[in-house]
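Trainee: I would like to learn how to read a structural model from its elements and contacts. Where should I start?

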Amino acid sequence: KGSLVALLLDLTIRKRSGGRCSLDDVIRVLWTEYGRMDRGVGEEEIEPLIEAVAGLELKQFFQQALRGTDDLALAEMLESVGVGMRLRPARSADDRGGVVQASAVEDVSDERRVLGVRLQKNSSEVLLEAVYEDGAAQRAGMAPGDVLVAVDGIRAWPEGLDRLLARAPSGEALPVHLFRRDELLEFRVTPLPAPADTCELWLREHATQPQRAALDAWLGDSPAETA
């Protein structure tokens, strides 16, 4: 979350200062007054320093971004520089989202159902590396380290797990067999719709002139003409 807060802080400073200041200015002051002088930064010093450099009152920002639990207003602030953002369900286990053309943004209409797990990479087995909170696997009693061997009586393999989960009608439980260490266990698991946790970013085709100017100032040479 720290990198996202830094992104949001940079965009907030740029927007509220009218482009006069950015997080770059804060980093330069930190280097001059602390890094170069081999001084540590006290926990209580950093927020007032940022406010002083930016010439802005940012207490509400810090309260929400650092001490609150609400989602960060990333989409709103990216909009200020003409960048679109959305969270959508992943289309597959390998779908990581990323930067797309504006013309390629489309609804994900097929409802993909998942167990709510992360598999260990580069393994020929369906080895559960992580089991997500309140996902289908956790609700059924599955745990990290389990090796899933069959879904609905069909042998499971990493690349075919989505197809096996799609065999059951929505809301119906499937028998799942797995090894927990050397013990073979059976669970009844009801796959759940994939959560909207995959991020897409794109340059808005109809960004306003102020948005384009802010994008140029933020990224240097804007990729708007070449993306």
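Mentor: Start with how elements are named: helices and strands are DSSP runs, numbered from the N terminus, and a strand needs at least two residues. Keep in mind that this model is predicted.

Trainee: Then where does glycine 116 sit in that scheme?

Mentor: Glycine 116 lies in the loop between strand 3 (113–114) and strand 4.

Trainee: Is glycine 116 buried or exposed?

Mentor: The general idea is a cut-off: buried means under 20% relative accessible area, and exposed means over 50%. Glycine 116 has 13% relative accessibility, so it counts as buried. Apart from neighbours within four places in sequence, glycine 116 is in contact with Val131 and Tyr132. Its C-alpha atom is separated by 21 Å from that of leucine 184, 68 residues apart from it along the chain.

Trainee: And how does asparagine 122 read, buried or exposed?

Mentor: Asparagine 122 counts as exposed because its relative accessibility is 86%. Its place is also in a loop, between strand 4 (117–119) and strand 5 (126–131).

Trainee: How do I find the buried side of a helix, and which residues are buried in helix 4?

Mentor: List the buried residues, then look at their directions around the axis. In helix 4 (residues 59–67), Phe61, Phe62 and Ala65 are buried. Viewed down the axis, these residues fall within an arc of 90°, so they line one face of helix 4. Packed against them are helix 1 and helix 3 (46–54). On the face turned away from the buried side, Lys59 and Gln60 are exposed.

Trainee: Which residues are buried in helix 8?

Mentor: Helix 8 (residues 209–219) has Gln211, Leu215 and Trp218 buried. They are on the same side of helix 8 because the arc they cover around the axis is only 65°. Gln209, Pro210 and Ala217 are exposed on the other side.

Trainee: What covers the buried residues of helix 8?

Mentor: The cover includes helix 1 (2–16), helix 5 (74–79), strand 1 (83–89) and strand 11 (196–203). At the end of the element, helix 8 is followed by glycine 220, which has a positive phi, near 85°.

Trainee: How do I describe two helices that meet, and at what angle do the axes of helix 1 and helix 2 cross?

Mentor: Give the distance between the axes and the crossing angle, then name the residues. The axes of helix 1 and helix 2 (residues 23–35) come within 8 Å and cross at roughly 110°. Helix 1 is therefore roughly perpendicular to helix 2. Helix 1 makes the contact with Ala6, Leu9, Asp10, Ile13 and Arg14, and helix 2 with Leu23, Asp24 and Val26. By type, the residues of this contact are five nonpolar, no polar and three charged.

Trainee: How many bridges join strand 1 to strand 11?

Mentor: Seven bridges join them, and the two strands run antiparallel.

Methods: Residues are numbered from 1 along each chain as its sequence is written. This is a predicted model: local features need pLDDT of at least 70, side-chain atom pairs count only at pLDDT 80 or more; totals for chains, interfaces and linings use all residues. Side-chain values use heavy atoms; hydrogens and water are left out. Buried means under 20% relative accessible area, exposed over 50%, partly exposed in between (1.4 Å probe, protein chains only). Helices (H or I, at least four residues) and strands (E, at least two) are DSSP runs, numbered from the N terminus. The arc is that of the directions from the helix axis to the C-beta atoms. Contact means heavy atoms within 4.5 Å. Axes are lines fitted to C-alpha atoms, for helices over the stretch in contact, and angles run from 0 to 180 degrees between N-to-C directions. Angles under 35 degrees count as roughly parallel, over 145 as roughly antiparallel, 65 to 115 as roughly perpendicular and the rest as oblique. Ala, Val, Leu, Ile, Met, Phe, Trp, Tyr, Cys and Pro count as nonpolar, Asp, Glu, Lys and Arg as charged, and the others, Gly among them, as polar. Two strands pair if DSSP finds at least two bridges between them.
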